[in-house]
Each structure stands twice: as C-alpha cells, then as structure tokens.
Amino acid sequence: MQHSPRFLALVEAVRGQIAETDVHQIKRWQDEGRTFHLIDVREESEWAQGHLPGASYLGKGIIERDIEARYPSPDTELFLYCGGGFRSILAADALQKMGYRHVVSVDGGFRGWSEAGYPVES
C-alpha cells in the first residue's frame, strides 16, 4: 500500500518514542510458549480475513476507548500490530499517552507475518 506523505510524517514523528519488535521475534516467543498480549489494531474487516495466532482484536478506532476494560493495569505488556507497522505505531503512541508503560509496535505487521510464511488464523 502506498501511504500519503502526511501520514508517513505523522508516523515518523512518533516512531522514535515507541518501542518496536518484529514479526520474527513474536513467532519465536510463540514457539517458546511465552505468554504475552498481542493486539490486532487493524480494521474489523481485515481481522475477519485473517490474523496472527493468539491475537485479540482492538481496532485503532476503538482501542483508546476499550483498552482499560480489557487491560486495566498500565504495567501490562502490550504488543500491537497492524497491516505493516504504521497504524500500530500511532496506536502505541496513544496508549503511552494514556499511561501504558510497556507498549510495543510490531514492525512488519500482518503483511510481514504472511510474507514470512507464518500461520494465520481466521
């Protein structure tokens, strides 16, 4: 997908303030049996077409509204992914502003996961 220059500028303005990992690290943790919270912030229609195993859905449009009900502690470690790693940066920024201290964006997102040939749930 070709992103607009202003969208990319918005993402780049906050990227340095957001911790990131990649899809390969997420897969290694899953293979090791590590327990962690993986959140898909894409649109509901994208989620319905397929998502990472073990992920839960809290779309970017509702995550700020619903995050506290699902994860009340600001110390919860949250790993966010989207289609490629841009929307998850913006969602992570919003959660940090809400006081969540351990929010990580997954670089590559669903696209990187799929391209690596990792399994997908639907």
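Predicted model: local features only at pLDDT ≥ 70, side-chain atom pairs only at ≥ 80, totals over all residues.
1. F79 sits in strand 4 (residues 77-81) and pairs up with W29 from helix 2 (residues 23-32), which links distant parts of the chain, 50 residues apart.

2. Have a look at W47 and Y57 next. Their ring centres are 5.7 Å apart and the planes lie at 45 degrees, so this pair is tilted. W47 belongs to helix 3 (residues 44-49) and Y57 to strand 3 (residues 56-57), so the pair ties together parts that are 10 residues apart in sequence. W47 has a relative accessible area of 19%; the cut-off for buried is under 20%, so W47 is buried. Across the whole structure, a search turns up six aromatic pairs.

3. Now the helices. Helix 1 (residues 5-15) and helix 5 (residues 87-97) have axes that come within 9 Å and cross at roughly 50 degrees. That angle makes helix 1 oblique to helix 5, and the crossing is left-handed.

4. Which residues do the touching between helix 1 and helix 5? From helix 1 it's F7, L10, V11, V14 and R15, and they meet R87, I89, L90 and D93 of helix 5. Sorted by type, the residues of this contact are six nonpolar, three charged and no polar.

Key. Residues numbered from 1 in each chain as written. Heavy atoms only, no water. Axes fitted to C-alpha atoms, helices over the stretch in contact; angles between N-to-C directions. Helix = DSSP H or I, 4+ residues; strand = E, 2+ residues; numbered from the N terminus. Parallel < 35°, antiparallel > 145°, perpendicular 65-115°, else oblique. Left-handed = near helix turned anticlockwise from the far one by under 90°. Contact = heavy atoms within 4.5 Å. Nonpolar A, V, L, I, M, F, W, Y, C, P; charged D, E, K, R; others polar. Phe/Tyr/Trp six-rings, centres within 6.5 Å; stacked < 30°, edge-to-face > 60°. Buried < 20%, exposed > 50% of the residue type's maximum accessible area, 1.4 Å probe, protein only.
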